[in-house]
Amino acid sequence: MTAALPEPAALAAAVSGRDRLALARALNLLDDRRPAARQRAAEFLDALPTEKLDTGGHLIGITGPPGAGKSSLTASLIQVWRRRGLKVAILAVDPSSPISGGALLGDRLRMHASGADREVFIRSLACRGEFGGLSAEVWPMSLAMLAAFDIVLVETVGVGQKEIDVSKMTDTTCFVAQPASGDSIQFLKAGIMEVPHVIVVNKEDIGMAARKTLSELRNTLRRQMDPEGWQVPALSASAALGSGIEQLADALDAHRNWLLERGRFTARRRRCQAEWLVKHLRDEFGRYGIGLLGGEDALFAALAEAPRRRSPIAEYEALRARVVPCFAGRAAAPARPVPNPTEHNPATERT
Ligand SMILES: Nc1nc2c(ncn2[C@@H]2O[C@H](COP(=O)(O)OP(=O)(O)OP(=O)(O)O)[C@@H](O)[C@H]2O)c(=O)[nH]1
Ligand SMILES: [Mg+2]
């Protein structure tokens, strides 16, 4: 029912003013698949202040194996950020149980964090088994939260390939390693796991096993560089003791500054959106659909380099409108190629 849907411009203004109720409504709108809601959601995203979406805040992904301490570290980080005067929003993506409806992660987080703090916003999201473990709404929701908060942190569980999604749709990715678990080191060595921007071995309070994992990770990292040249730090912390948390917050911030100083920050956000668009299209239309738009690499390059930003939903619908007729057999090929596919440079690095 369109009448029940919020008015996009007013909603965007309220969200930018950090109205918590408005943000909750906006996230519900972004989660609504009905066509009328999609239209409103696109208008809402387009009405958000562009500078906040392009250069504002810090979008951080925190990932790692189940039980490594992601939520506990997040709760500790919230305290540090609040002491620094930053306003924090958390998006907890719960892949474990469709029955719990994504409530578990959020509840655990809320137990740790100060529930009474008006400047901390926590939302959990059930993962619907799509998007390789990351719910399709995460990118649009991250944008809405960035319009209102200084730090937006997305927590997802992942070992191996699943965290690739979150690392490509955030400014900075933090991997939480479990002491005495060699999996992450093996994945890093084998190149299966995307190199994160910051690695932290949690539970340093347990001693020897944590120190050993840290030194193994540091050895591995000496040989594995971030493709952009950022030197990935491996840190040690304990959410239980509250040790190493300031340093972790500093390391995350250092990566943001590094991107800003090199003029890469906005480009990275643009690439996040391109990743989201391509992944979303691949999930809906498969390789054939992507082929109709010029192939994955050309499409990614064209989207990542396009100067004009539109809301991800509007941009997605525009691409979708070019693929759907081909599937319906009404046209043999898309009406026109993607913007500048011929200028595609295969060497274009993906950040
Ligand atoms: N000894 C010790 N235990 C910790 C530490 N941090 C977290 N834990 C414990 O590890 C368990 C998992 O912590 P969580 O923060 O829920 O871990 P998580 O990675 O968010 O877990 P999932 O979201 O289920 O994947 C809990 O029992 C915590 O009490 C730490 O620094 N030291
Ligand atoms: Mg957790």
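A residue is called buried here when its relative accessible area is under 20%, and exposed when that area is over 50%, with partly exposed residues in between. In this predicted model, Cys 326 has a relative accessibility of 8% and therefore counts as buried. Cys 174 is buried as well, at a relative accessible area of 1%. A disulfide would require a pair of cysteine sulfur atoms within 2.5 Å, and the count by this rule is zero.

The overall architecture comprises 14 helices and seven strands. Of the 351 residues in the protein, 53% are buried. When contacts between residues at least 6 apart in sequence are considered, 77% of them join residues at least 24 apart.

A covered element is found in helix 7, which spans residues 138-146 and has nine of its nine residues buried. Among them are Trp 139, Pro 140 and Met 141, together with Ser 142 and Leu 146.

Ser 71 and Glu 155 are both buried.

Helix 5 also takes part in a helix-helix contact. Its partner is helix 11 (residues 245-261); the two pack at an angle of about 75°, and their axes are 9 Å apart. Because angles of 65 to 115 degrees count as roughly perpendicular, helix 5 and helix 11 are described as roughly perpendicular to each other. On the side of helix 5, the contact is made by Leu 73, Ser 76, Leu 77, Val 80, Trp 81 and Arg 83, and on the side of helix 11 by Ile 245, Glu 246, Leu 248, Ala 249 and Leu 252. By residue class, this contact of helix 5 with helix 11 consists of eight nonpolar, one polar and two charged residues.

Helix 9 (residues 183-190) packs with helix 10 (residues 208-223) at an angle of about 5°, with 10 Å between their axes. This angle makes helix 9 roughly parallel to helix 10. From helix 9, Ile 185, Leu 188 and Lys 189 meet Thr 213, Glu 216, Leu 217, Thr 220, Leu 221 and Arg 223 of helix 10. The residues of the contact between helix 9 and helix 10 comprise four nonpolar, two polar and three charged.

Individual residues complete the picture. Asp 54 is located in helix 4 (residues 50-55). With a relative accessibility of 19%, Asp 54 counts as buried, because the cut-off is under 20%. Setting aside residues up to four places away in sequence, Asp 54 touches Phe 265, Thr 266, Arg 269 and Arg 309.

Arg 18, although not a glycine, has a positive phi of about 60°. Arg 18 sits in the loop between helix 1 (8-16) and helix 2 (20-30), and its relative accessibility of 29% makes it partly exposed. Lys 203, likewise a residue other than glycine, has a positive phi near 65°. Lys 203 occupies the loop between strand 6 (198-201) and helix 10, and at 27% relative accessibility Lys 203 counts as partly exposed.

Conventions
Residues numbered from 1 in each chain as written. Chains lettered and ligands numbered in written order. Predicted model: local features only at pLDDT ≥ 70, side-chain atom pairs only at ≥ 80, totals over all residues. Heavy atoms only, no water. Buried < 20%, exposed > 50% of the residue type's maximum accessible area, 1.4 Å probe, protein only. Axes fitted to C-alpha atoms, helices over the stretch in contact; angles between N-to-C directions. Helix = DSSP H or I, 4+ residues; strand = E, 2+ residues; numbered from the N terminus. Parallel < 35°, antiparallel > 145°, perpendicular 65-115°, else oblique. Contact = heavy atoms within 4.5 Å. Nonpolar A, V, L, I, M, F, W, Y, C, P; charged D, E, K, R; others polar.
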